[in-house]
Amino acid sequence: MSIQEIILKLEEFWSHNGCYIASGYDNEVGAGTMTPDTFFKVLGKKPWRAAYWQPSRRPDDGRYAENPNRVQKHNQFQVILKPVPENGQELYLNSLQFLGVEIRNHDIKFDEDNWASPSLGAWGVGWQVMCDGLEITQFTYFQQAGGIELSPNSLEITYGIERLASFLEKKSNIYDLNWSNNVSYGELRTEEEKQFSVYNFETADIDMLRELFTLYNKEAIRLLELELYLPAFDYVLKCSHAFNILDARKAVSVAERTSFLSSMRDLASQSAKLYILKTEGKNG
Amino acid sequence: MAEFLFELGVEEVPVSYIRDIMNQLVKGFTDSFTQKRIEFESIETAMTNRRFLLFFNNISQVSGAKSEQIKGPSKKIAFDEDQNPTKALEKFLETNGIKESDLEEIETKKGIYLGYTREDEGDDTKVLLSILIPGILDKMSFNKTMTWNSSGKSFVRPIRNLLAIFNGKTIDFQFAGITSSNITNGHRLLSEEKIRISSFQEYCEQMSQNFVIFSEDERKNKILTEIKDLEDDLGFKVKMTDKMLEYYIFNNEYPVVFTGKFDEQYLDLPSEIISTFMINEKKLVPVYDNSEKLTNIFVGISNVPDESEFVSKGNEKVIRATFEDAKFFWDNDRNDDFKGLREGLKNVMFQKDLGTFHEKTIRIKEISELLSELSGNPEQTKNIGAAAVLCKNDLLTRMVGEFPSLQGIMGGLYLKEKGEEKDIWETVYFHYEPRGFVEDELESLNGGILSMGDKIDNIVGLISKGTKVSSSKDPYGIRRDTSAIIKIIIDFKLNFDLKSAINFTIDKFGIDEEEREKILEVVTSLFSARMEHFLKDLLFIDNDVVNSVIKSNTLFIYKTYMRAKAVFEVSESASIHHLIEIHKRIRNIIKDTETLPVSESLLIEPEEKILFEILNETKLGTEKFLMNNKYIEACSNFIDMKPVVDNFFEKVLVMDKDEEIKNNRIGLLQKLNELLLQIADFSILTEKD
């Protein structure tokens with residue numbers, strides 16, 4: 001099964017289960033969790049079901065296209081269910097069966113793995129789902145986001161699309177995967193992975209990125225003062241990506257790391273508070 | 001008599017919580033049953049990461065009846081002059097819901113009181129259980145919990161099913177938004193339908209038909225038998241630790257052993273890296289050949305049978321990817337100037353308020369060098385100092401950044417790679433060991449010494465900054481560090497007083513005289529508590545024996561340990577009686593009096609003169625024994641004094657009219673007490689039957 005079939009099938013499955021199919025967010029993010037469709041929507045009381053394919057950037061994971069499994073940009077399929085359904089695990093296993101996995105023949109385990117994002121002030125409890133030893137999904141019950149206790153809780157299911165495809169296509173090198181029947185992952189991505197690895201590890205302009213971080217940070221603060229939490233949050237995401245590249249360049253000292261992270265956490269939590277104030281405050 | 005079956009169904013709880021959950025359930029039920037006077041013949045329990053089963057056999061249908069006399073006001077104040085009930089009596093009648101005619105007189109030492117007999121007839125156990133079970137579940141508590149639905153109840157992972165059957169009938173109750181039922185489910189992947197249960201026997205049958213081996217022993221045996229078969233087939237050794245076995249037993253309801261292979265080229269990586277990655281990252285077990293060499297075979301435990309070999313092939317692919325990662329880090333880090341990384345430690349904070357890792361290595365070097373001398377290991381002091389300087393460099397390697405559990409190990413391996421001397425790289429390699437008391441035997445004395453230096457620095461540094469330690473709160477693992485030091489000292493038989501090293505470390509933090517005493521006190525009590533735990537809970541030495549040795553000279557760890565072992569041995573023999581008696585008599589007389597001098601010229605009676613002589617003789621002998629840690633011999637030396645001491649107490653009156661003579665005799669007994677205390681406070685021991 002090709003990558004695009006996996007995405008289409010997951011969209012179909014979750015659409016049948018009441019999810020709105022969103023587009024991936026058009027800003028660099030490290031994970032589907034960081035997009036407004038998750039970050040804001042898990043806050044407050046209003047029920048929410050969304051599913052979307054989200055390309056995710058982790059500059060430090062680049063391997064110059066030489067590692068069969070690691071890439072600086074990978075693809076996630078993100079599902080958010082709020083409130084938590086009673087049969088979340090069954091739904092998830094059904095989605096695997098829908099993709100053609102014979103679950104009786106595979107060692108599928110829910111293995112303890114709690115999740116926390118210091119820069120988003122968020123944490124949750126859950127598992128990594130292992131399939132024959134391969135981590136294919138993160139399954140998390142959100143407890144807090146933007147520093148705010150969540151009620152109701154949300155269930156987040158994040159499929160690693162490359163992982164899932166390696167498993168379904170029985171390939172051990174992701175560059176050999178079929179994106180569609182006509183084009184491979186390698187054809188589409190090799191050059192991109194090479195160039196971005198060189199950029200992230202070797203040539204990214206450290207001074208410029210530091211300056212950008214400061215500018216993005218300032219802009220987020222300004223926008224929050226204007227109560228424009230959505231654009232403000234966009235700038236928090238930009239800060240986060242700039243920080244990640246600096247980190248891949250080994251340009252962040254320990255003291256700096258703490259202050260970068262805490263400034264991002266503050267901004268994210270202020271955005272979250274504003275969201276609650278603006279939406280819940282109005283509706284009751 | 002009836003049977004009661006309860007199964008708590010949950011989403012996969014982490015293995016580390018499983019025994020705790022069951023203990024809390026068993027305690028909750030048995031406590032409630034005692035309180036309600038519900039009797040049962042036997043209890044069976046079983047648990048996996050998805051279910052917790054409790055089965056009570058021959059349980060009473062009705063809780064025990066009870067009659068109890070309730071005392072009210074005294075007769076005097078119950079009625080006024082006109083024999084009408086007073087407010088006090090009215091209140092009593094009202095709160096207990098009784099009439100005046102129910103009252104009876106109760107005779108007490110203080111006179112006659114009024115009261116009544118409350119008859120509790122006992123309730124239907126099934127009805128009681130419907131109230132008790134939600135209460136028991138509600139009372140369970142854990143250090144990290146979550147919420148998942150609008151009930152707001154918290155648990156380790158979501159609760160999804162409550163099976164509760166009393167003699168074939170469902171016990172009706174609700175908890176965390178779930179209604180109890182007679183339904184449960186089988187294996188997550190191998191069984192689909194809901195299972196209806198009416199009895200324990202049916203439960204057993206249904207579970208085995210639905211691929212759940214609910215007995216812990218059965219799962220364990222299945223795993224161990226399959227591994228044994230495999231070892232016999234291959235002629236190799238599968239190295240499974242107890243911790244891994246525990247993980248497999250609880251993480252699989254239908255465990256099946258499988259094997260796989262990886263490409264031999266990865267055996268070029270250091271075997272420590274391979275095994276650490278297999279165990280920690282992939283939960284797979286390494287396999288060794290007869291000459292203890294790592295092979296390219298691995299063993300894993302699957303939750304489903306693997307006839308089609310999907311599980312095995314899948315894991316082979318995954319482990320290849322993992323080793324590919326390891327190789328990337330290993331090759332990259334090896335190209336770095338490892339010793340040069342030390343400069344970078346100037347930017348890495350050790351702890352807030354405690355400076356950088358660079359500063360820490362300077363302190364560890366000096367502390368470890370001192371410890372090396374104290375340990376009688378002077379020829380290695382230079383190497384240990386050199387290792388201390390380099391021991392934290394690996395914090396800046398990519399490998400440790402990604403896999404922190406490889407700290408120390410990687411530093412050692414990178415130094416070895418750079419051609420460093422064995423005495424130095426091995427010291428770095430082992431300097432995080434041990435991680436607790438249960439760890440295997442320690443291998444490297446040098447590593448142990450550096451480990452102590454590192455840990456004393458942690459303990460003293462953190463405590464000097466006001467870090468508090470308790471059983472529930474120990475964020476920096478100070479208790480674990482303390483235990484590790486004790487283990488190192490005992491394993492390597494390091495005969496020195498830790499006090500000097502601790503004082504030396506306190507000085508490194510620039511602490512003033514006044515603070516110093518306080519910190520030393522906290523550190524001492526920390527060691528005393530861990531030592532107590534070690535002796536009582538791990539060596540199973542009786543409480544009274546441990547208490548008799550722990551208070552004096554605690555920081556001389558090895559001696560305290562040897563004293564405890566010797567006193568324990570002596571306490572098992574009949575002669576302990578003499579020591580207890582002698583010491584008790586002495587303590588009874590001297591109590592807490594201030595130390596008094598003894599003057600030979602004031603000794604009058606022959607019995608006290610002899611005691612004085614024997615005391616001095618024994619003291620000399622004891623010193624020799626103590627020096628060589630021969631505490632059993634020292635004890636029998638004490639026992640030999642018994643007739644002389646007895647004679648003294650028989651013939652000599654300590655409390656003489658003459659104050660000087662009296663004080664002299666008390667002083668003599670104080671000396672005797674001091675001598676005995678060098679081994680133990682025998683006066684607090686209890687004699688065994």
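The model is predicted. In it, 30 residues of chain B are in contact with 30 residues of chain A. Let's take the topics one by one.

**Helix H6 of chain A**
- H6(A) covers residues 206–225, and its 20 residues should span 28 Å at 1.5 Å a residue; the end C-alpha atoms are 29 Å apart, which agrees.
- Its buried residues are A:Phe213, A:Tyr216, A:Asn217, A:Ala220, A:Leu223 and A:Leu224.
- These residues cover an arc of only 130 degrees around the axis, so they sit on the same side of H6(A).
- On the face turned away from that buried side you will find exposed residues, including A:Asp207, A:Glu211 and A:Lys218.
- After H6(A) comes A:Glu227, with a positive phi near 60 degrees.

**Two packed helices in chain B**
- Two packed helices are described by the angle between their axes and the distance between the axes.
- H23(B), residues 606–627, and H24(B), residues 631–640, pack at an angle of about 165 degrees, with their axes 8 Å apart.
- Angles over 145 degrees count as roughly antiparallel, so that is the label for H23(B) and H24(B).
- Their crossing is left-handed.
- Among the residues that make the contact are B:Phe625 and B:Leu626 of H23(B), and B:Tyr631 and B:Phe638 of H24(B).

**An enclosed helix in chain B**
- Six of the eight residues of H15(B), residues 422–429, are buried, so this helix is largely enclosed by the rest of the structure.
- The buried ones are B:Ile424, B:Trp425, B:Glu426, B:Thr427, B:Val428 and B:Tyr429.
- They pack against helices H12 (381–390), H14 (409–417) and H16 (445–464) of chain B.

**Where the chains meet**
- As noted, 30 residues of chain B are in contact with 30 of chain A.
- On the chain B side, strand S7 (146–147) and helix H9 (310–335) each supply at least two residues.
- H9(B) gives the largest share of that side, 11 residues.

- Most residues other than glycine have a negative phi, and most peptide bonds are trans.
- The peptide bond from A:Lys82 to A:Pro83 is cis, with omega near 0 degrees, and A:Pro83 lies in the loop between strand S3 and helix H3 of chain A.
- Another cis bond runs from A:Ser151 to A:Pro152, with omega near 5 degrees.
- B:Ala176 has a positive phi of about 50 degrees, and B:Ala176 counts as buried because it has 20 C-beta neighbours inside 10 Å.
- B:Phe540 has a positive phi near 55 degrees, but B:Phe540 is exposed, with 8 other C-beta atoms within 10 Å.

Definitions and conventions
Residues numbered from 1 in each chain as written. Chains lettered and ligands numbered in written order. Predicted model: local features only at pLDDT ≥ 70, side-chain atom pairs only at ≥ 80, totals over all residues. Helix = DSSP H or I, 4+ residues; strand = E, 2+ residues; numbered from the N terminus. Expected span 1.5 Å × (residues − 1). Buried ≥ 20, exposed ≤ 12 C-beta atoms within 10 Å, placed from the backbone. Arc of directions from axis to C-beta. Axes fitted to C-alpha atoms, helices over the stretch in contact; angles between N-to-C directions. Parallel < 35°, antiparallel > 145°, perpendicular 65-115°, else oblique. Left-handed = near helix turned anticlockwise from the far one by under 90°. Contact = placed C-beta atoms within 7 Å.
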